[in-house]
Structure formats: structure tokens, C-alpha cells
Amino acid sequence: MRAYRILKKLLPSSGGGDDFEKAKKAIRLTRHGCANRPFYHIVVVLQKRDCKAHPIEQLGTYDPLINHNGEKLVSLNLERIKYWMAKNARLSNPVAELLGLSGFLPIHPRTYMTAWRNRQKNQTEANTSETATSS
Amino acid sequence: MQHFCKQELLFGKLLCKTKPVNQQPVRFTRKPRWLPRAPSKMFRVPVRPKISTEERNELFQLFTTYRTSMKSIKKQLEYELETSYTGQEVLQEIANKEEALWKKCLEINDNWNAEVALARDERLAIEREAQRKLILAQLIEKEEEKKKQLEAIEEIVRLEKEKSKSYITVENIDQAIDKALDNIVNYKYAIDVAGNIYYNNELEKQTTETGKQQQQVKVVN
């Protein structure tokens, strides 16, 4: 089971994978970190391929862990993203969110949703703590 | 395959219970699709997410606006990509570049032509000079030849004139006839190897020296 993932091909992760003219493509994140240290590449791949498949092109990186300045670092190759979007590549949700937050696209609804849910959660927590302290 | 599908056998194999050293693989193992639920999760009821109607409406609104804006953005990007290949300005720029290249090529060509023309003029001048000299030489040669020919002709004419003194003309024809009738020459004879002349199978001996000379001339002829 999943032997094809263990026997990884020695290919560059920055691109050069299969690209067929009429096949659907997707811009997505692929995890390139190790255990407890996620790190993502933003890549274009054929949509039907595996998440660890050899990408057509790498379009950027995303480091979800905050650094000592409290930043989550994202790098984007906007020209190529524009090109691939014009070529009708599908955007996966996390990538769309990242692009929305970077100001390249309109902000994704999921961002709003998580924000208000977090706010609600914080409020309820505060309320419960208040009630606990008052009682 | 059927006995492989049995739960105990499979888990026994996965957990390596049949081996003396108990190895338990933790990563990259997953319950196969055909196995039933795990016993610990048998009676778990998953909690459905509760979304209020307000939130749903809000999300619907947000998603619709997002989708429409994304559509328009995608169209714009497609348009931009297409114009980057076939836009008026881009085509104009390509045409300008081509024109500049053409101009440059023409300039190079003109320079080259001028260079070649210089070299050719020089060469042609030299060739013309050579031709002129050759023609001059030929003319001189021809003239000399003509002169020689004229001389030869004149020589012939002179000889003819000299010969014409002994010609038979109307004035001296009677004398010539008389002379011929006086000296009849008989050519009906034979000659042997020694040069002796035989008339009618008889040897005619000539004693005079002049006769000998005549005889020799005849032999030579």
C-alpha cells in the first residue's frame, strides 16, 4: 500500500512534470515539511494527479508556522499565477485564501467565516470565564 | 483473497503477531476499504455541524459575489494573455522590431555592396587595361601579317611577270609553232636503272656531255 510514495522519483520539486494541453490543471499546496514542521510549495499540477506528483511548475511557497517576528511567510510568482489562471487552472481553497489575503484576488468567503467563528468562539469563552468568575 | 480479507489474519499480519519480534507499523497504514468499522468506533455518532440560517445566507451571499468576481477576473486574465500575443500594440511592436531589423539588414547590404563595387571597379580597370594591351598587340601582329602576305603576293606577281616574258602570245605564236615543228621530241622510250634510254628496244648512246646532263634531269623527273 502506498509504495509509490515511498519510492519517490528523484525529480526536481520546482517543476518539469507532465503537462498536457487539454488536461485540467490545479494550483494547490503540497506539503514539503517533515514531522511537526509543515512547509508548503504552491504548485501547478495535473488535477487528477496525486498531491505529491511531479508538478508542472512551482509558483511559490508558504510557511504556516510563525517566525520570531510573528509572520507567516508566503512567496508568490504572480505573473505565472496570472498565466495559469488564464489557462483555466483550478484554485484549491487554501491557495485561493492565501491569494485573497495577499490582495491579489478578492478575499475568500472562508476567511470571513473562520474569522467570525473564531470571534464567536472567543466571545463564548470570555462569557463562560466571566460567569465562572462571577459565580 | 478471501482468507486474506479475514480481520484476524490481516491484523495479525499487520501487527506482525506471527513473528518472534513484535513490530507495530504506525505510519502509512490505513484501514482497507473492505474492513468494517473499528470496534472502538462502533457506536460513535458523528456530530453534524450546526449552521444557522443567518450564517448560511451570509455565506451564500459571500460565495455568490466571490464566484462572480472570480469569473470576471479570470476573463480579464484570459483577455490579457490573449492580447499579450495578438494585441494591437504587441503586434505593432513586433512589426517595428522587424522593420528595424530589416533596416539594419539593408544597411549592412548597402555597405557590402559599396565595398564590392570598389573592388570590382579596380578589377575591371585592370582587366580593361590588359584587354587594351592584348588588342593592341593583336592589331600589330595582324598588320605585320598583312604586310607579310602582301610581300608574298608581290613576290608571286614578280615571278609571274618574269615568267610572262616566255609566254606564247599572238605576236610570237607562229615562231613558237615553227619551233615546235622543228624540234619534235619523242617521249616514247624506256629507262633502265642506270639511266640509259631505250627507243624501240634499242639502246641509244649519247656521247656528248650535254646529252648526259639532259639524261640525268630526265631520270630525276
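Student: What share of the 135 residues of chain A counts as buried, and what makes a residue buried?

Tutor: In chain A, 19% of the 135 residues count as buried. A residue is buried if 20 or more other C-beta atoms lie within 10 Å of its own, exposed if 12 or fewer, and partly exposed in between; the C-beta atoms are placed from the backbone. By that criterion, 0% of the 221 residues of chain B count as buried. The model is predicted: local features need pLDDT of at least 70, side-chain atom pairs count only at pLDDT 80 or more, and totals for chains, interfaces and linings use all residues. Residues are numbered from 1 along each chain as its sequence is written, while chains are lettered from A and ligands numbered from 1 in the order in which they are written.

Student: Why does Asn36(A) count as exposed, and where is its place?

Tutor: Asn36(A) has 6 C-beta neighbours inside 10 Å and therefore counts as exposed. Its place is the loop between strand 1 and strand 2 of chain A, where helices (H or I, at least four residues) and strands (E, at least two) are DSSP runs numbered from the N terminus. Although Asn36(A) is not a glycine, its phi is positive, at about 60°.

Student: What makes Asn88(A) buried or exposed?

Tutor: Asn88(A) counts as exposed because its C-beta neighbours inside 10 Å number 11. It is found in the loop between helix 2 and strand 5 (90-91) of chain A, and its phi is positive, near 70°.

Student: What makes a set of residues a nonpolar core, and which residues have the most contacts inside the largest one?

Tutor: A nonpolar core is a set of buried Ala, Val, Leu, Ile, Met, Phe, Trp, Tyr and Cys residues joined through C-beta atoms within 7 Å. The largest has 19 residues, and those with the most contacts inside it are Ile27(A), Ile42(A), Val44(A), Leu59(A), Trp84(A) and Val95(A). Strand 1 (25-31), strand 2 (40-46), helix 2 (78-86) and helix 3 (93-102) of chain A each supply at least two residues. Strand 2 of chain A gives the most, with five residues.

Student: How do you know that the buried residues of helix 2 of chain A share a side?

Tutor: The buried residues are Ile81(A), Trp84(A) and Met85(A). They cover an arc of only 100° around the axis, taken from the directions from the helix axis to the C-beta atoms, and so lie on the same side of helix 2 of chain A. In general, an α-helix has 3.6 residues a turn, so residues three or four places apart point the same way. The cover over these buried residues includes strand 1 and strand 2 of chain A, together with helix 3 (53-86) of chain B.

Student: How many residues of chain B are in contact with chain A?

Tutor: There are 13 in chain B, in contact with 12 residues of chain A, where contact is defined as C-beta atoms, placed from the backbone, lying within 7 Å.

Student: Why are strand 1 and strand 3 of chain B said to stand at the edges of their sheet?

Tutor: Three strands of chain B form an open antiparallel sheet in the order 1-2-3. Strand 1 (190-191) and strand 3 (202-203) of chain B each have a single partner strand, so one side of each is left without a neighbour in the sheet. Two strands pair if DSSP finds at least two bridges between them; strand 2 (residues 197-199) and strand 3 of chain B have two, and therefore pair. In strand 3 of chain B, Leu203(B) is the bridge partner of Tyr198(B).

Note on methods. Two residues are in contact if their C-beta atoms, placed from the backbone, lie within 7 Å.
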